[in-house]
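These are my notebook entries on a two-chain model. I record what I looked up, entry by entry.

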Amino acid sequence: MSVLDVKDLTVEFPGRNSVFVAVDDVNLSVEAGKILGVVGESGAGKSTVGNAVIGLLQEPGRIAEGEIYLHGQRIDQLPYKEKRRLRGRKIGMIFQDPLTSLDPLQTVESQLVETIKTHLPLSNSDAQKRAVELIDAVGIPDAGERIKQYPHQFSGGMRQRVVIALALCAEPELVIADEPTTALDVSIQAQILELMKSLCAERNVAMMVITHDMGVIADITDHVAVMYRGELVEYGETSQVLGAPNHPYTQSLISAVPRPDIKVERFPVVNYIEEAGTPQKQIDISTHWLGKARDYDKVTGPLVQIRDLDMRFETRGSVFPSRRKYFQAVKKVSFDIQEGETFGLVGESGSGKSTIARLVTGLYHPTGGSILFGKTELTSLKNRKDVLAMRRQMQMIFQDPYSSLNARMRVRDIIAEPIKFHRLASGNSEVRQIVDDLLDHVGLGVAAGQKYPHEFSGGQRQRISIARALATRPRFLICDEPTSALDVSIQAQILNLLKDLQEELSLTMLFISHDLAVIRQMCNRIGVMRNGELCEVSDCDQLFEAPQHAYTRELLDLMPSMELLSRANLESA
Amino acid sequence: MPYVSNEEAKAAVADRSGSQEAPGRLSKIVDSDLFHSFLRSKVTVVAACGTFILFLLAILAPWVAPHNPFDLASISIMDARVPPVWMEYSDPSFLLGTDDQGRDLLSGIFYGMRISLIVGFCSVIAAAVLGITLGLVAGYMGGRTDAVIMRIADVQLTFPAILIALLIDGVANGIFGSLDREVFAFYILIVSLALSFWVQYARTVRGSTMVEKNKEYVQAARVIGIPSVIIMARHILPNVMGPVMVIATINLALAIVTEATLSFLGVGMPPTQPSLGTLIAVGNDFLYSGEWWIAIFPGLALALLVLNVNLLGDWLRDALNPKLR
């Protein structure tokens with residue numbers, strides 16, 4: 001018998017003018033000892049399903065229709081007090097961000113003991129004993145010692161283990177995990193997923209994993225529910241759904257996942273995404289405004305040469321130099337980028353890859369080493385005119401599409417700003433013409449210029465960012481995790497756009513990402529970073545086929561297995 | 001690229017955007033969330049009407065006031081201290097009675113409110129400009145500049161604003177002497193109020209600036225090569241103005257009260273150009289001799305004005321930025 005049954009669930013959010021249906025007629029069930037994955041892109045309503053089950057819908061959301069059963073007992077209509085008793089006791093919850101889901105002022109032990117005693121009639125010492133057992137069960141070594149520590153003394157992955165222990169405190173029958181590994185690095189993600197899978201089987205718990213990541217779905221789930229715009233479009237056994245998807249949305253979602261195993265020329269064109277822009281016009285680069293970028297000096301040899309680059313940040317300031325403390329973000333990094341190639345930097349969070357991007361663009365000033373761009377040494381540029389000339393040649397695309405555009409400016413003005421500032425056009429009407437062309441070219445259409453950034457979705461905003469970066473006619477483009485905040489189908493479009501632009505304008509690119517699969521699709525050569533050091537630089541295929549450095553091999557091993565996905569990909573390709 | 005005239009370019013753009021009808025400005029306002037939250041709060045609607053009427057009376061004082069209290073030819077000492085119309089010995093042409101020099105109180109209140117409001121608005125604008133500039137510079141530059149500006153702000157914050165205004169006003173009046181007082185009192189008052197109220201703006205703007213400057217759109221502007229001054233003015237300033245507008249509304253009430261206090265204490269507006277505070281000060285002398293109306297009516301007007309503006313400010317704060325509460 002199934003532990004959780006969701007029948008015809010419809011969740012509505014009444015607004016001032018209309019009612020927004022977040023979840024539309026969804027049917028699900030989870031069995032004991034099995035994992036159900038709920039997958040979908042942002043706004044699909046997958047988290048709302050989870051919140052409806054534990055009765056924590058955000059105001060003014062309400063369950064308009066449908067029934068939720070836990071072990072055959074109806075729970076959606078229980079009064080508040082009894083619903084509260086269910087939470088933690090019968091239903092455990094694992095949240096996305098382990099940094100904020102623990103109380104920083106209480107030891108791990110007191111948080112666990114408090115939760116245990118709330119739900120189980122145990123004495124203090126029994127509860128403590130149970131807490132230690134739980135910490136041990138989630139794979140934290142020295143459970144007896146570490147349990148006395150505060151959350152900040154644990155790393156991100158360890159904290160997520162504590163959160164899992166908290167969810168398991170009262171032997172719940174159902175655990176809901178909302179994006180449990182999204183905030184974690186790949187290596188830790190793999191461990192946490194493994195842990196969840198084994199705990200689920202050992203303790204015979206039913207688990208519902210809400211995620212946007214097809215890799216997580218393929219890795220641990222037994223059943224999968226694919227959601228699109230509040231509707232359940234496909235539901236079944238994981239191997240069935242991923243291996244032979246029926247619904248076109250599932251098919252396009254799967255085909256948009258970047259493949260780590262082979263390099264493809266372009267990402268498959270996804271046709272189930274409504275925000276897809278107008279198709280790009282082919283432009284004749286020899287006459288187009290963007291083509292005038294050829295006025296730069298020719299370089300012989302690599303375009304960018306980085307030698308022994310060092311960067312440290314002061315973490316404790318002091319009048320006395322001996323008392324100052326530093327964090328070494330980049331240590332003696334050297335690499336070259338050839339003209340026209342895409343150089344990838346990959347690494348986990350804190351490995352210093354974004355710092356390098358900011359050093360090259362001049363947002364930070366390095367503490368040591370040199371950055372040679374063509375024949376110019378960037379670190380010793382003083383003259384403002386020279387600095388501006390360099391700034392024009394290199395542009396950057398940022399990670400977060402929501403904060404990288406000024407919300408108070410029209411899109412047209414955002415893109416026109418660099419053109420006007422660098423005096424790349426004569427007269428306002430020409431600027432306008434160029435802006436319109438750029439908007440057209442990144443697939444947004446001219447009408448977009450009159451709007452403000454908040455009227456666009458994440459992927460469209462990233463297109464605006466790209467148009468702004470192109471507006472100075474750069475020869476070198478730095479992309480800092482340009483798609484990590486985007487849904488997978490939109491990621492595919494943006495990556496395709498970047499590829500096309502690079503080919504057309506023969507741009508040189510520095511592409512930074514934590515996602516090995518994306519890196520593989522985008523880059524000619526790849527550098528692997530760890531703790532501020534560059535472990536390995538090699539050609540794309542060689543890195544994936546025959547990694548030299550031990551850390552690279554480790555990273556490659558930890559990628560979620562994509563066997564199921566790859567099969568589907570091959571079939572659709 | 002061939003040169004196209006502005007008109008042609010505009011026409012081309014209108015053409016390409018499908019010449020769709022943009023929603024009118026008014027309908028946009030009516031449809032906004034802010035307007036709806038405004039309509040939902042009855043108190044705010046009443047306060048807004050009250051503020052509107054009081055502002056209108058103040059602005060139109062020369063036309064709506066029954067008398068001109070500054071016209072020496074029309075006032076007579078014989079009319080001094082006439083009580084309001086519903087009392088004995090009253091004169092129907094003086095609705096709320098007269099003060100000690102025979103000036104009509106109702107007209108005096110209209111004109112006084114006018115002066116109070118002008119001083120209030122000017123000082124709020126001056127304080128905001130000063131505070132925003134210093135806050136932006138401190139927040140964006142950081143380091144020593146930030147330390148110096150914010151320490152000054154901290155020191156000033158330990159004194160009550162009224163004390164600083166009193167100090168500046170007193171010193172300035174001492175320098176200019178009583179002869180020029182009629183000319184300078186107005187400007188001195190504004191400067192002293194501005195210098196007492198800039199701190200709050202500076203602190204708020206500095207905080208928001210420090211958040212904004214780390215956002216990627218500011219970094220993008222730096223990558224383009226745009227100089228700091230333009231980044232502050234064009235990119236950061238519009239994004240930190242929300243809380244500033246709220247503070248300004250609430251501070252308007254505060255500035256009016258402070259101005260009234262200063263005038264009451266005799267360092268603000270002179271009796272020849274009476275603000276509400278000056279009127280109350282005049283009436284204060286007669287409070288115990290039974291001529292209560294000279295102090296009470298200007299006092300009521302001041303209370304009404306401040307209450308209405310304050311209620312409006314509170315609503316704006318809650319609607320725009322609940323975190324400021």
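Predicted model: local features only at pLDDT ≥ 70, side-chain atom pairs only at ≥ 80, totals over all residues.

Entry 1, surface. I took accessible areas from the Shrake-Rupley method with a 1.4 Å probe; for residues, only the protein chains shown count as cover. On that basis chain A exposes about 24500 Å², and carbon and sulfur atoms supply 47% of it.

Residues are numbered from 1 along each chain as its sequence is written, chains are lettered from A and ligands numbered from 1 in the order in which they are written, and side-chain values use heavy atoms, with hydrogens and water left out.

The model scores ipTM 0.78 and pTM 0.79. I then looked up pLDDT, the predictor's confidence in each residue, from 0 to 100. Chain B averages 81, and 88% of its residues score at least 70. Within chain B, the lowest confidence falls in helix α1 (residues 6–16), at a mean of 40, and the highest in helix α6 (residues 105–141), at 92. Over residues 1–22 of chain B, pLDDT stays under 50. For that stretch the model has 16 contacts beyond four places in sequence, a contact meaning heavy atoms within 4.5 Å.

I counted elements as DSSP runs, numbered from the N terminus: helices (H or I, at least four residues) and strands (E, at least two). Chain A has 20 helices and 20 strands. Its C-alpha atoms fill a box of roughly 75 × 60 × 45 Å along the principal axes. Of the 573 residues of chain A, 55% count as buried; buried means under 20% relative accessible area, exposed over 50%, and partly exposed in between (1.4 Å probe, protein chains only). Among contacts in chain A between residues at least 6 apart in sequence, 70% join residues at least 24 apart.

How many helices and strands does chain B have? I found 13 helices and zero strands. Buried residues make up 45% of the 325 residues in chain B. Contacts between residues 24 or more positions apart account for 71% of those in chain B with a separation of 6 or more.

I located N251(B) in helix α11 (residues 228–265) of chain B. N251(B) counts as buried because its relative accessibility is 3%. Leaving out residues up to four places away in sequence, N251(B) touches V124(B), F197(B), Q200(B) and Y201(B).

Beyond its neighbours within four places in sequence, D222(A) is in contact with G33(A), K34(A), I35(A), E237(A) and T238(A).

Most residues other than glycine have a negative phi. D25(A), not a glycine, has a positive phi of about 55°; D25(A) is found in strand β2 (residues 19–31) of chain A. With a relative accessible area of 44%, D25(A) is partly exposed. R473(A), also not a glycine, has a positive phi of about 50°. I placed R473(A) in the loop between α15 (458–470) and β17 (476–480) of chain A. Is R473(A) buried or exposed? At 8% relative accessibility, R473(A) counts as buried.
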